[in-house]
Amino acid sequence: MDYSSITLFGLMKSKLAYLSQRQAVIAQNIANASTPGYKTRDTVEPDFKKMMQDSSKGSAQKLQLAVTSGNHIAGIGSANQVARTMQVKNTGDTAPNGNNVVIEEEMAKMSMNQADYQKVIGMYGKMITMFKTAIGSASGA
Amino acid sequence: MPVNDSLQIAEAGMRVQRERMRIIAENIANAESTASKPGGEPYRRKTITFQNVLDKQLGIETVKVGKIGVDKSPFEKKYDPSHPAADAQGYVLYPNVNTVVELTDMRDARFATEANINVVQISKSMLSQTLALLNK
């Protein structure tokens with residue numbers, strides 16, 4: 001059975017994919033904290049609220065690849081690229097070598113990201129437990 | 001999977017910082033390395049830069065050592081006629097290494113390495129949380 005065909009599982013899967021992609025972007029920022037000319041990057045969060053509303057209307061919509069040109073074909077969604085990455089132009093702290101990564105800020109972003117991840121994982125676990133209860137083997141084994 | 005990518009990126013980040021530490025150590029160790037005979041040049045301070053590159057094998061952008069160059073600033077001149085490298089006027093050229101600058105750089109490298117270690121720890125905990133779902 002494909003779990004993601006169940007709306008909430010699908011949404012949580014998308015959110016986890018987005019959060020892990022963001023984690024990679026933050027890791028990249030930190031690794032490049034002393035690279036001349038490197039500009040901080042961040043991901044554009046998909047509209048999860050809209051996806052939630054759409055799914056409650058019954059038209060479950062999957063997270064799509066971002067389409068930036070009319071010639072692009074909207075993919076069926078790959079796990080590696082769920083959100084668009086953009087450069088943050090102004091962090092208000094640009095070094096003389098053109099680097100504008102603020103490590104403290106990245107650390108804070110990473111902690112938030114981890115907390116969000118933990119939250120969704122917890123929900124995922126709860127959902128599984130609920131399904132087990134419904135089936136009748138709630139003892140967890 | 002992007003969380004695995006984070007680990008690879010953080011690893012690349014730590015590797016370049018270690019290389020930076022090596023250059024700093026080299027500079028500090030040679031802070032007093034003068035020439036052995038008159039007219040020779042003392043040790044010249046080395047510099048290091050980083051580059052954001054696309055790792056084609058992994059398909060992700062990581063960081064690499066760009067170029068190891070030399071600091072072209074002038075050498076320090078000290079009066080010491082008894083030194084083997086002293087010129088006719090009794091002056092000796094000393095390396096253009098400023099230990100304070102090197103120490104500040106070293107702190108920066110250490111801080112950056114710690115930040116990368118943090119990335120590894122957090123990514124690792126995200127992975128293990130995901131794997132823990134298997135036990136549900």
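This is a predicted model: local features need pLDDT of at least 70, side-chain atom pairs count only at pLDDT 80 or more; totals for chains, interfaces and linings use all residues.
Biologist: Which residues of chain B lose the most area to chain A?

Modeller: B:P2, B:M126 and B:K136, which together make up 22% of what that side buries.

Biologist: And how many residues are in contact?

Modeller: 31 residues of chain B contact 32 residues of chain A.

Biologist: How many salt bridges across the interface?

Modeller: The rule finds 1. The side chains of B:E61 and A:R41 meet there, at 3.0 Å, N to O.

Biologist: Which element gives the most to chain B's side?

Modeller: α2(B), with 12 residues. That side of chain B divides into 13 nonpolar, 14 polar and 4 charged residues.

Biologist: Why are B:E26 and B:R22 separated by about one helical turn?

Modeller: Because they are 4 residues apart in helix α1 of chain B.

Biologist: Is B:R22 buried, exposed or partly exposed?

Modeller: Its relative accessibility is 42%, so B:R22 counts as partly exposed.

Biologist: What about B:D71 and B:R45, buried or exposed?

Modeller: Both are buried. Their side chains meet in a salt bridge at 2.9 Å, N to O. The pair links distant parts of the chain, 26 residues apart: B:D71 is in the loop between β2 and β3, and B:R45 in the loop between α1 and β1.

Technical notes
Residues are numbered from 1 along each chain as its sequence is written. Chains are lettered from A and ligands numbered from 1 in the order in which they are written. Side-chain values use heavy atoms; hydrogens and water are left out. Contact means heavy atoms within 4.5 Å. Buried area is the accessible area (1.4 Å probe) that two parts lose on being put together, summed over both. A salt bridge is a side-chain nitrogen of Lys or Arg within 4 Å of a carboxyl oxygen of Asp or Glu. Helices (H or I, at least four residues) and strands (E, at least two) are DSSP runs, numbered from the N terminus. Ala, Val, Leu, Ile, Met, Phe, Trp, Tyr, Cys and Pro count as nonpolar, Asp, Glu, Lys and Arg as charged, and the others, Gly among them, as polar. Buried means under 20% relative accessible area, exposed over 50%, partly exposed in between (1.4 Å probe, protein chains only).
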